[in-house]
Amino acid sequence: MFISIGVRFEANVEALNMVETAGNYSKHRRVPYIIEEDGKLKTIYVPAISGESLGHAYQELLVKESKALNLPVCEDCEKFEFFKSMNKNYLKKKINPVPKDDKKKIEEAIIKSCVIEDVGGFLYAEKPPVKRTSAFQFSYALPIKSIAVYATTEPQLHARHAQTGEGKKEGVAEQMIYYVETGTAVYGFTFNIDLDAIGISSLTNKAVVDEDGIKKRREASLKAIFRMLSSQQFGAKLSRFFPVGNIMEVAIAITEHPFSVTSPIYDNYMEKTEKRLKVIADTFREEIKFMTTDGEKTPEECLAEMINYVKDKNII
C-alpha cells in the first residue's frame with residue numbers, strides 16, 4: 001500500500017529553514033523558481049524549506065510514536081541524531097562483532113534494532129557497503145505557483161543586550177544587533193510513504209520482523225506525519241519565529257502501488273489528482289482511496305480518516 005499526501009500551508013514571518021550566517025545576518029533558504037507571466041516563462045527567487053528539513057522533523061516525531069508503541073529505536077536516533085549506521089563505530093552499537101562480507105545480516109540487524117533506520121533508510125559506507133532506501137519521501141516546500149510573486153524574504157532587526165550596572169564587564173558592548181531573514185508565503189509540499197517497504201529486506205524482499213511488528217511500525221509512521229502536520233512542529237527557529245498561519249489543505253491518495261499526488265503548488269492539484277486516480281483505477285482495476293479537506297473537513301479529520309481506512313484494510 002502506498003500513501004501520497006499533498007499539503008498546503010500558510011506561513012507568515014517564518015524562519016523555518018536558515019542556510020547561512022554572515023556576521024550578524026542569518027539568511028533564509030531561497031531557490032530559483034519558474035513561473036509564467038504574460039505568456040512567458042521567467043525565473044524568480046523564492047523562500048523555500050528543504051525536504052531534508054521536513055524529513056528530520058518527521059523522523060523526530062517517528063521516534064516518539066515508535067517509543068509510544070514500544071518499538072525499538074537505537075541510541076543515536078533516540079537523541080534525534082540521525083547519523084544512522086554509517087560506519088563500524090555506529091554499527092557496533094547494534095551488532096558486535098560486525099558480520100564480514102554479509103550484507104543481508106548487516107541490514108537485518110539494523111532493521112531489527114531501529115525503526116527509524118528501517119523506515120528512513122541508511123547507508124553503511126564500509127566493506128561491504130549496505131544501502132537501504134528510505135520508505136518515505138519529502139519534496140521541498142515551495143510557494144504556490146499562482147501567487148509565488150508575492151512570496152518574500154525580509155530581514156528583521158533584533159538586539160541582544162549585555163549585562164549593565166555593577167556586573168558590567170569592561171570592553172563588552174552593551175548592545176549587539178543581528179538580523180534574521182524571515183520568509184512569508186503560502187507553501188505546498190508532497191509526502192509519500194511506501195508501507196510495503198517497512199520491515200522488509202531490500203536485499204531479499206523478505207520480512208525481517210514479524211507481522212505484528214511490521215503493522216506497528218506502519219502505524220507509527222502514519223501517526224508521525226499526522227502529528228507533524230497537526231502540531232506544525234517542523235523547521236527551525238520555532239521558539240521565536242513560529243510561523244503565523246496554518247495548515248490550509250490536505251489531499252491524500254491511497255493506492256496499491258506507488259502513485260504521487262499532483263503537486264500542491266498548482267491551483268487545480270486536487271482535481272487533477274482525482275482524474276489521474278480514476279485512470280489508474282480503470283486501467284489496472286485497482287482499489288484507490290482519495291480524501292481531501294474540501295468542504296468543512298479539517299486536516300486532522302482527513303488524516304484520521306486515512307489511518308482508519310488503513311486499519312480497516314488490516315495494514316496496521
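## Close-up views

**View 1. Asn192 and its partners.** Asn192 is buried, at 7% relative accessibility. Buried means under 20% relative accessible area, exposed means over 50%, and partly exposed lies in between (1.4 Å probe, protein chains only). This is a predicted model: local features need pLDDT of at least 70, side-chain atom pairs count only at pLDDT 80 or more, and totals for chains, interfaces and linings use all residues. Numbering runs from 1 along each chain as its sequence is written, and side-chain values use heavy atoms, leaving out hydrogens and water. Asn192 sits in strand 11 (residues 175–194). Strands (E, at least two residues) and helices (H or I, at least four) are DSSP runs, numbered from the N terminus. The Asn192 side chain makes a polar contact of 2.6 Å with that of Ser4. Another, of 3.4 Å, joins the side chains of Asn192 and Ser260. A polar contact is a pair of N or O atoms within 3.5 Å; within protein, one must be able to donate a hydrogen and the other to accept it, and residues adjacent in sequence count only if both atoms are side-chain atoms.

**View 2. The hairpin of strand 2 and strand 3.** Strand 2 (residues 18–22) and strand 3 (residues 25–28) pair antiparallel, over four bridges. Pairing requires at least two DSSP bridges between two strands. Thr21 faces Ser26 of strand 3. Two residues lie between the strands, and Gly23 has a positive phi near 65°.

**View 3. The salt bridge of Arg8 and Asp267.** Their side chains meet at 3.1 Å, N to O. The two residues are 259 apart in the chain: Arg8 lies in strand 1 (residues 2–14), Asp267 in the loop between strand 12 (244–255) and helix 8 (269–284). Arg8 is buried, because its relative accessibility is 10%. A salt bridge puts a side-chain nitrogen of Lys or Arg within 4 Å of a carboxyl oxygen of Asp or Glu. The whole structure holds 17 salt bridges.

**View 4. The salt bridge of Glu181 and Arg30.** The closest N and O atoms are 3.4 Å apart. The pair spans 151 residues, from Arg30 in strand 4 (residues 30–37) to Glu181 in strand 11. Glu181 is buried, at 4% relative accessible area. Arg30 is partly exposed, at 34%.

**View 5. The salt bridge of Glu37 and Lys42.** The closest N and O atoms are 3.1 Å apart. Glu37 is partly exposed, at 34% relative accessible area. Lys42 is partly exposed too, at 33%.

Notes. Contact = heavy atoms within 4.5 Å. Lists of a residue's contacts leave out its neighbours within four places in sequence.
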